[in-house]
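Please open the model in your viewer and keep the selection tool at hand.

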Amino acid sequence: MKLTNQALADLPTGVQGPQYDHTARDIGIVHLGIGAFHRCHMAVYTDDVMAQKSGDWRILGVSLRSQTISDQLNPQDGLYSVVIKDSSSSTTRVIGSVAGVLFAPQNPQAVIQAIAKPSTQVVSLTVTEKGYCHDPATGELNQSHPDIQHDLADLAHPVSAIGYLAAGLQARRDADAGAITILSCDNLPANGQTVEKIVTKFAGLVDVNLVEWIGQNVSFPSSMVDRIVPAMEAADKLAFAQRTGLDDAAVLQTEPFTQWVIEDSFAGERPSWERAGATMVSDVAPYEDAKLRMLNGSHSALAYLGYLAGFNYVHQVMAEPVFRQYVDDFMRQEAATSLHLPTGMDIDAYRRELQDRYDNSALQHRTYQIAMDGSQKVPQRLLGTLRYHLANEGPISATCIAIAAWLRYLKGEDERGQPYEVQDPMADRFTAIFDEVTGDPSALVDALLQVQAVFGQDLIINARFTQELTYWFTQILENGVSETLSLYSTQ
Ligand code: CS2
């Protein structure tokens, strides 16, 4: 049975449909980058709110690059199933909050007009770190980014999320459609301020008056988002269809855990997400830093070390004692101690909970998936921790091992000599460095640290850091990850 509005009356046992008449609700949110994460996170919170309360908060999804999602969701009336799994149980629900999906390249004006529509109160984003077209080390707009260059020249047909936001806000101003909130839900520090800075900078380059209008009419709250959502594979979809008899091209799977901390500064209306478990605060920064350094930092460490050593999934890496101990040390001794914690947060309990989440073998979360786009992730996941301890003479070995593993991963060949594609917007630059630099490992480290968009200017001149990093990079290169972690554990 194909999943559509009609099928809801007759869902298989064990699959729960929306608990409200979703077809009677209108759109109040435009979401840029409607991938798996958004559909297991904000769309679920919004679905929960609408089940409890009236309000027109359905989401119009926008896909900026891939037509797959619109092709999957539109024939299903926007409906999709979410399977929530841990090692012992699994529950399935159908989400009704997504009204449909626009494939942006097919009709850019439709996206711009949707942002300009008075009933749209929130434009949210999950476009991943690289979607901000910024310099990861500084958070500033990268004006030479090809997508930004394109959008500066032709804002009627944008290609970047930043271009769409600027064009949409311009149209909204011209239509006198009132205040609006831009809500970033990506794993970036101060994501609200970051997108504000980037959009405002871009706006100033195309339409000076727009900058003033944005200042008066648009708010950019920050938010911390958390839920592990592995990419769905064909085999998983097939297994779902066989188990339930439901034909759902857009089914997703995720973990039970979910968290959303939102800065409560909205320019217009918003759904009461707190009713669905979101936490509204005045300052998200302590939550965001804790999540980025503890979860995402350890995730990236596990991904690079684990992938190089031949592990496909996070739970497999966690099952190896020497890796598990390393991750525990990384979090306990270096990430946790670098933080200014949110009031009342029990960081030890948080660490243990993260380890339990990584152990979830039902998720099948690929190390290769997390390893993607390191140049955009490493600064906020690892370098903040590093800089803190360099300034305070704290421990840096575990963080240096994680950075060394990333640099080694950029070689594009694992420890068994198997080549793989390094998926990263800066991959060409890294490949050229590995091709051109010969000599001892320190020459490679030196060349890689010169990539200022990642490392800034301060780290390459810090002798404590360069020596420690070179030491661990050489160990990993010459002796492999497992031996390196064993060596680390004896220190
Ligand atoms: C992961 C994140 O792929 C990655 O880089 O670290 O997507 C992670 O699963 C989420 O941030 C969890 O909230």
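Helices here are DSSP runs (H or I, at least four residues), numbered from the N terminus; axes are lines fitted to C-alpha atoms over the stretch in contact, and angles run from 0 to 180 degrees between N-to-C directions. Residues are numbered from 1 along each chain as its sequence is written. The model is predicted: local features need pLDDT of at least 70, side-chain atom pairs count only at pLDDT 80 or more, and totals for chains, interfaces and linings use all residues.

**First stop.** Select helix α10 (residues 285–308) and helix α12 (residues 321–335), which pack at an angle of about 150° with axes 10 Å apart. Within this contact (C-beta atoms, placed from the backbone, within 7 Å), α10 contributes residues including Arg293 and Leu305, while α12 contributes Phe323 and Met331 among others.

**Third stop.** Select helix α20 (residues 463–479). Its buried residues (20 or more other C-beta atoms within 10 Å of their own, all placed from the backbone) include Phe465, Trp472 and Ile476. Show α15 (374–392), α16 (397–409), α18 (441–449) and α21 (481–489), which are among what covers the buried residues of α20. Finish at Gly480, which follows α20 and has a positive phi, near 90°.

Key. Helices (H or I, at least four residues) and strands (E, at least two) are DSSP runs, numbered from the N terminus. Two residues are in contact if their C-beta atoms, placed from the backbone, lie within 7 Å. A residue is buried if 20 or more other C-beta atoms lie within 10 Å of its own, exposed if 12 or fewer, and partly exposed in between; C-beta atoms are placed from the backbone.
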